[in-house]
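This report describes one structure for a reader who is new to it. The sequence and the 3D view come first, and the notes follow.

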Amino acid sequence: MVNTKVTLSGVELDNPIIPASGTFGFGYEMAEFYDINILGTFSFKGTTAEPRFGNPTPRIAETPCGMLNAVGLQNPGVDKVIAEELPKMEKVFHKKVMANIGGFSVKEYAETAEKLDAVDSVGLLEVNISCPNVHGGGISFGTDANAAYEVTKAVKAVTKKPVYMKLSPNVTDITEIARACEAAGADGVSLINTLMGMRIDLRRKAPIIKNKTGGLSGPAIFPVAVRMVYQVYDAVKIPIIGMGGVQSAEDVIELMLAGATAVQVGAANLVSPCICRDIINDLPATMEKYGITNLTDIIGGAH
């Protein structure tokens with residue numbers, strides 16, 4: 001009998017599988033397909049202080065082995081999420097959920113985090129620092145170690161829940177950002193977010209996405225995710241949630257060997273809504289295939 005349980009900062013998960021933010025809504029939408037309580041947990045739709053319509057369309061483009069998106073954090077705002085979305089989620093999901101938050105200033109991050117800290121069904125906060133810093137010339141918080149430090153410190157000051165900083169791969173050295181988050185008190189890090197990319201429409205001779213660029217996700221970025229999780233595992237002592245192109249139980253084990261404690265599944269949910277259920281069902285047999293009894297024993301096992 002294999003043991004699939006893992007623990008993230010004191011929160012025990014039945015398995016390491018976590019649907020990634022932006023690919024699973026607020027859970028109740030996906031509960032129409034299967035019992036989502038089999039999940040370790042899930043990260044709900046990225047939430048900001050104020051409502052956001054998101055970027056203009058078109059904001060999705062297909063690519064070989066992946067997709068580009070520039071949705072732009074479309075969401076109803078934190079107050080409406082707490083008042084309307086989370087009660088619907090709580091009817092179908094009976095575990096602690098991961099709240100994904102975004103912001104365009106340090107103050108915004110802190111305000112949203114403080115409100116979600118008061119929600120009992122939220123067990124962990126995941127802070128997306130790939131947002132552009134409106135007070136810093138538009139550069140992403142996640143590409144500057146000092147900015148990443150300041151956001152982490154501000155969020156930690158207003159919450160008692162574990163804080164996981166979601167890191168951008170669009171940097172020269174991701175370990176520098178991870179160390180800055182750890183130094184500011186982060187309980188863990190999530191990586192990787194999407195890689196910046198572009199597609200051009202040959203007939204119109206113009207970018208397909210109205211925003212010009214978008215985030216590349218899907219299996220094309222999996223080797224980058226493995227490499228960055230491996231590097232960050234050597235650089236910090238806090239837990240890592242690995243993600244980026246995960247499609248199978250084998251991918252989960254590979255990211256855990258690289259150093260991940262848990263693993264998020266993103267774009268694959270958009271291709272196959274039941275992919276997380278299938279990965280969870282496949283995981284015990286895959287563990288037996290590779291002689292693994294306890295998943296926690298293999299975390300960082302490739303080092």
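## Residue S121

S121 sits in the loop that runs between α2 (106–117) and β7 (122–128). Helices (H or I, at least four residues) and strands (E, at least two) are DSSP runs, numbered from the N terminus. S121 has a relative accessible area of 12% and is buried; buried means under 20% relative accessible area, exposed over 50%, and partly exposed in between (1.4 Å probe, protein chains only). Leaving aside residues up to four places away in sequence, S121 touches M89, E90, K95, K96 and V97, where contact means heavy atoms within 4.5 Å.

## Basis of the model

The model is predicted: local features need pLDDT of at least 70, side-chain atom pairs count only at pLDDT 80 or more, and totals for chains, interfaces and linings use all residues. Residues are numbered from 1 along each chain as its sequence is written, and side-chain values use heavy atoms, with hydrogens and water left out.

## Cysteines

A disulfide is a covalent bond between the sulfur atoms of two cysteines. Here it is counted as a pair of cysteine sulfur atoms within 2.5 Å, and the structure holds 0 disulfides. For C65, the closest cysteine sulfur is that of C276, at 19 Å, which is too far for a bond. C274 is in no disulfide either, as its nearest cysteine sulfur, also that of C276, is 9.6 Å away.

C65 is exposed, at 54% relative accessibility, while C274 is buried, at 15%.

## Salt bridges

Side chains of opposite charge can pair when their charged atoms come close. A salt bridge is a side-chain nitrogen of Lys or Arg within 4 Å of a carboxyl oxygen of Asp or Glu, and the structure holds 9 of them. One of them joins K115 and D79, with the closest N and O atoms 3.0 Å apart. K115 lies in helix α2 and D79 in helix α1 (residues 78–92), so this pair ties together parts that are 36 residues apart in sequence. K115 is partly exposed at 37%, and D79 is partly exposed at 46%.

Another salt bridge pairs D187 with K156, their closest N and O atoms being 2.8 Å apart. This pair links distant parts of the chain, 31 residues apart: D187 is in the loop between α4 (174–183) and β9 (188–191), and K156 is in helix α3 (residues 145–156). R204 forms a salt bridge with D201, at 3.7 Å between the closest N and O atoms. Salt bridges that share partners also join K5, E12, D14 and K95 into one network.
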